[in-house]
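Subject: Structure handover

Hi,

Here is the structure I promised to pass on. Have a look at it first, then read on for what turned up.

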Amino acid sequence: MTTTSRPTPSLYQRITNWLPQSVNRPVRVFAWLSLIFQTVLIGTGGAVRLTGSGLGCPTWPKCTPESLTSTPEMGIHGIIEFGNRTLTFVLVIIAIGAFLSVWNLRKRRRDLFWLTFAQGMSIPLQAVLGGIVVLTGLNSYLVGAHFVISLVLVGLTTALVYRVYRGAAGPKRSAAPYRILTHIMTFLVALAAVMGILTTGSGPHAGDANVPRNGLDPEFMQHLHSWPGYLMFASTVLILIIGLRLRYPVKPVIWLLVGQIAQIVLGIAQSRLGLPEIMVGTHMVLAGVVIALATRVMLDTRSSIPEPEQVSAEPQAARA
């Protein structure tokens, strides 16, 4: 009697056999971690700027010419800046985990593959741009570009979470007026964010006491920043009204309105109170939250093609 031995699987095969074969809990966990920590990065970046710690580590990639980490002589500013840099390594681990979690799905779910790939590629871009920001003495426009990338990544990781739960994008399902208005609203959200970045660049929170501002008039910029914010809110109210009339699920739109109201109220309050650091920092984080909520509303304008194992869960997800 002869027996045939099975070929020994290669290291690559053993690794891929261990990775998820479907959209399961690890895939969902890494998607959520991606979104959460991109938002956390906005908060820590804001803390660096608002505490005057932008040059807490005066060089890059090391914290000082002699030390990779901050030193006791650098005080709290060095700790805050180095802590923000350290978060990059956390994002690297999450990005690698998210990418590997969908590796076996790369042919069936190309959307998840490319979303995780883009997230991974953004990390060295953010790190290098952050280094250029430090080496150029916190140029306000480069600092703003750094923040823009963070907001884009919040939108990207929101799409990752959405697609993990809902499935691949299907055909358009919303009426044309609703869909067009949603895209206008999303543009206004982005415009309000950019104007807010320019406004902050003209204000007192430069990241270091000796850093020059962008030269724009702060009072005028605060008014200019408010205009797309109010238009954003008005367009979202119209989306809600149309959605109710067409019997669309409107819970995501309501949450977006709540976020926008909080952002508008906080923006007015911080302007009246002289831009206190805690309010400015909260306003920055809320910008990321509003970007995420707006992205969710925009993604809802298309139907989704759920994974086979998600079909039974789709009615519950549709009501979420």
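This is a predicted model: local features need pLDDT of at least 70, side-chain atom pairs count only at pLDDT 80 or more; totals for chains, interfaces and linings use all residues.

Helix α3 (residues 75–101) and α4 have axes that come within 9 Å and cross at roughly 160°. With the cut-off at 145 degrees, α3 and α4 are therefore roughly antiparallel to each other. The crossing in which α3 passes α4 is left-handed. On the α3 side, the residues that meet α4 are E81, R85, T88, L91, V92, I94, A95, A98 and F99. Their counterparts in α4 are F113, T116, F117, Q119, G120, I123 and V134.

Some of those names come back in the aromatics. The structure holds eight aromatic pairs. In one of them, the ring centres of F99 and W103 are 5.8 Å apart and the planes sit at 55°, so this pair is tilted. In another, F113 and F117 have ring centres 6.4 Å apart with planes at 15°, so that pair is stacked. Both F113 and F117 belong to helix α4 (residues 110–135), where they are four residues apart, about one turn of the helix. Ring pairs also tie things together: F99, W103, F113, W114 and F117 are linked into a cluster.

R28 lies over the face of Y165, at 5.7 Å from the ring centre.

On to another helix pair. Helix α6 (residues 176–202) packs with helix α9 (residues 277–299) at an angle of about 165°, and their axes are 10 Å apart. That angle makes α6 roughly antiparallel to α9. This crossing, between α6 and α9, is left-handed. From α6 the contact takes in T182, H183, M185, T186 and V189, while α9 brings V290, I291, A294, V297 and M298.

One leucine for your list: L244 is in helix α7 (residues 218–245). L244 is exposed, with a relative accessible area of 53%. From L244 to L151 the C-alpha to C-alpha distance is 29 Å, and the two are 93 residues apart in sequence.

Finally, the whole chain. The protein chain has 10 helices and two strands, and read along the sequence they follow the pattern α-α-α-α-α-β-α-α-α-α-β-α. The C-alpha trace spans about 85 × 60 × 20 Å along its principal axes. Of the 320 residues in the protein chain, 45% count as buried. As for contacts between residues at least 6 apart in sequence, 77% join residues at least 24 apart.

Cheers

Methods:
Residues are numbered from 1 along each chain as its sequence is written. Side-chain values use heavy atoms; hydrogens and water are left out. Rings of Phe, Tyr and Trp (its six-membered ring) pair if their centres lie within 6.5 Å; planes under 30 degrees apart count as stacked, over 60 as edge-to-face and the rest as tilted. A charge sits over a ring if NZ of Lys or CZ of Arg is within 6 Å of the ring centre and within 35 degrees of the ring normal. Axes are lines fitted to C-alpha atoms, for helices over the stretch in contact, and angles run from 0 to 180 degrees between N-to-C directions. Angles under 35 degrees count as roughly parallel, over 145 as roughly antiparallel, 65 to 115 as roughly perpendicular and the rest as oblique. A crossing is left-handed if the near helix is turned anticlockwise from the far one by less than a right angle, and right-handed if clockwise. Contact means heavy atoms within 4.5 Å. Buried means under 20% relative accessible area, exposed over 50%, partly exposed in between (1.4 Å probe, protein chains only).
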